[in-house]
Number of protein chains: 2
Amino acid sequence: MKLQLEDVDDLCTGAAFLGAGGGGDPYIGGLMVKQELLAGREIEIIDPDDLAPDTLVIPSAMMGAPTVLLEKIPSGEEPVRALRAVEHALGRKADATMPTEVGGINSTIPLFVGARLGIPVVDADGQGRAFPEIQMETFAIEGVSGTPMAIADEKGDCALIETDDHHRMEWIARGITIRMGGTAYWAAYPMTGTEVKRASVKHTLSLARQIGRIIRTSRHDKLDPFEELERFIATTSYGRAKRIFSGKITDLDRQTSRGFTLGSVTISPDNGRSAPCIIDFQNENLSAKADGKVLALVPDIITVLDAETAVPITNETLRYGQRVAVMAVGVPPIMRSPAALKQFGPQAFGLSETYVSLAD
Amino acid sequence: MKLQLEDVDDLCTGAAFLGAGGGGDPYIGGLMVKQELLAGREIEIIDPDDLAPDTLVIPSAMMGAPTVLLEKIPSGEEPVRALRAVEHALGRKADATMPTEVGGINSTIPLFVGARLGIPVVDADGQGRAFPEIQMETFAIEGVSGTPMAIADEKGDCALIETDDHHRMEWIARGITIRMGGTAYWAAYPMTGTEVKRASVKHTLSLARQIGRIIRTSRHDKLDPFEELERFIATTSYGRAKRIFSGKITDLDRQTSRGFTLGSVTISPDNGRSAPCIIDFQNENLSAKADGKVLALVPDIITVLDAETAVPITNETLRYGQRVAVMAVGVPPIMRSPAALKQFGPQAFGLSETYVSLAD
């Protein structure tokens, strides 16, 4: 399926929704993709179930603090150079690229890379949403080697990492990203078609586009976008979506530290009487609590949306006074296994709460 | 010339002397080299003037905080793996290795690598002493590309850096070294024989061995080691050595930060009446001052020696109460050019004092 120009905005809206507040604003990535399409280049989206067993897929992505991305716009050469460096290390060209995460800008980076290199993009990813660290991938859980991993910046610098440990890959790559100025572009987790089928969260680019379409058309058709989203998500592997809070942003604590955007946002309820909702984030929203009670918890997706339009608001654009609704979404079974929860459940973020899936 | 077992200790003593307090204690490196010789492997030291024009030389070294090196002993595989990674990136095997700095442990790392890989070691280096940062190389000043640079740790992890800027190479590699635990092993500045002849400080391994021999034999022959050192160094390209201070260590401020050993040492004079000498260091000693007057300044070599035996004391082993003498040594002309002073003169370390060579 060829990606159409009119799909890009929907895909970006859906990617912001699945980004759980993080993942980097897909707006910039969307502009990069549209520019490629307007220049006459094509972007072929392919179904993971159609991959030949020995196809070489090299995922590509951005990493770093979304707050930095707002001011340090990519030239476009960075992710292409990273993918080329992995190809060079493997001694083989990629047959396709794919997202490592579907949430945020990383849904669009592989589309851009695919356009530039003339290779298709697999309709799947390794997070089914956005997570802040690069070992938090279903690829890693399913035993795919992260390296050779390449990481490139806008100055033309590139580093290639080799390690047998996904956490150390993240640790070293994060150090490089900080030294590269807070954001960088990477390619890693090279996989065969067989591995993609086993280790990825499937059809998530299509999911993002559909979520974006629902948010856009609900407004036009005068439907409640929250109800429409809940209805649609119930038909997918994500199982369930639910509006868990509404109110006004009354406090915001946001820092850029350790290569991440860290902090919390407080949303006071419309009625003004009950307890506010507090959402903590490390790039992505990790927990939503009110009155000491957990409303939603990672890996479930917690997204802050405009109270009227349901347009998602990423954490770097949160502002005091915004009227918002908070939506929680379950995640597919591959993201709820004991191995998956070890990699990106609450304890992986230092939280003590026990995860109970919204999907159950 | 084959390196003999009985030369190793002298070479290590001389390397500690040229290390200007930094460079990492060569003791550990000396043990590694002796183990190779005792295992029957040979280490061939070759004269840079004898190199064929198209010989490929890949220097190898350790980087990080000497204080960390004391507790995190290398397995020996790290520098070998780094050199192999540069070979892989170049698609060509190294014909020889060489030191990037002759001061400290980095005089011995290439000897070890040469023994393991069965390749000779060039009798030359890129610093003529030790400096704390990896762009502070005559190689860089003479226009040799630093990359491909590889950096490896004891866990088996490796990173390959590509950049066209020596400062950014240092910046990124230092970030990786910190994340690798504070010390790491690298290979970089791959050079042809022609480049080595133009861009290196020559015959510095021989110089280190001779300095070590003088310190050892002076004691045995009941000669004043300081006078013997001054006499010998006056016959070399370093031009001049001078004992600039004697006394007892009365204060020591030493921290491990930003991947370096940082601080200062205060030496109070034997007479107890005049002002103390204060030496500031960033791994290596940068300046020696007394009563607000500069006694010696980087790139001249400032080394703290045992007051009796003239055995050099590296900064991580300085202790309160030690009786010491401070010796300053000039550096060869290639290290005093305007380009050289820009790379590793006082201003490169944020010092405001004007360098006046001791050799002049």
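I started with chain B, where strand E6 (residues 149-152) and strand E8 (residues 183-187) pair in the antiparallel sense over three bridges. In that pair, Ala152(B) stands opposite Tyr185(B) of E8(B). For the terms: helices (H or I, at least four residues) and strands (E, at least two) are DSSP runs, numbered from the N terminus. Two strands pair if DSSP finds at least two bridges between them.

I noted the ground rules next. This is a predicted model, in which local features need pLDDT of at least 70, side-chain atom pairs count only at pLDDT 80 or more, and totals for chains, interfaces and linings use all residues. Residues are numbered from 1 along each chain as its sequence is written, while chains are lettered from A and ligands numbered from 1 in the order in which they are written.

**The shared sheet**

Two residues are in contact if their C-beta atoms, placed from the backbone, lie within 7 Å.

**Where the chains meet**

I looked at the join in the sheet. E7(A) and E7(B) pair in the antiparallel sense over five bridges. Ile161(A) has Ala159(B) in E7(B) as its bridge partner.

How many residues does the contact take from each chain? It takes 17 residues from chain B and 17 residues from chain A. On the side of chain B that touches chain A, E7 and H7 of chain B are the elements that give two or more residues. H7(B) gives the most to that side, with seven residues. I sorted the residues of that side of chain B by type: eight are nonpolar, three polar and six charged. In this sorting, Ala, Val, Leu, Ile, Met, Phe, Trp, Tyr, Cys and Pro count as nonpolar, Asp, Glu, Lys and Arg as charged, and the others, Gly among them, as polar.

I then compared the copies. A rotation of 180° with 0.0 Å of shift along its axis superposes chain B on chain A, with RMSD 0.0 Å. That is the relation of a two-fold axis. In chain B, the C-alpha of Leu160(B) is nearest the axis, 2.4 Å from it. The same surface serves both copies, as 100% of the contact residues of chain B recur in chain A. Copies are superposed by least squares on the C-alpha atoms of residues with pLDDT of at least 70 in both.

I went on to another set of strands in chain B. Six bridges join strand E12 (residues 260-269) to strand E13 (residues 277-282), which run antiparallel. Ser264(B) has Asp280(B) in E13(B) as its bridge partner. E13(B) also pairs with strand E14 (residues 284-290) of chain B in the antiparallel sense, over six bridges. There, Gln282(B) is bridged to Glu284(B) in E14(B). E13(B) and E14(B) form a hairpin with one residue between them, and Asn283(B) in the turn has a positive phi of about 60°.

Most residues other than glycine have a negative phi, and most peptide bonds are trans. I listed some exceptions.

- Asn283(A) has a phi near 60° and lies in the loop between strand E13 (277-282) and strand E14 (284-290) of chain A. Is Asn283(A) buried or exposed? Asn283(A) is buried, with 29 other C-beta atoms within 10 Å.
- Ala310(A) has a positive phi of about 65°. Ala310(A) also counts as buried, with 25 C-beta neighbours inside 10 Å. A residue is buried if 20 or more other C-beta atoms lie within 10 Å of its own, exposed if 12 or fewer, and partly exposed in between, with C-beta atoms placed from the backbone.
- A cis peptide bond joins Thr147(A) and Pro148(A), with omega about 5°. Pro148(A) lies in the loop between helix H6 (138-141) and strand E6 (149-152) of chain A.
- The peptide bond from Val298(B) to Pro299(B) is cis, with omega near 15°.
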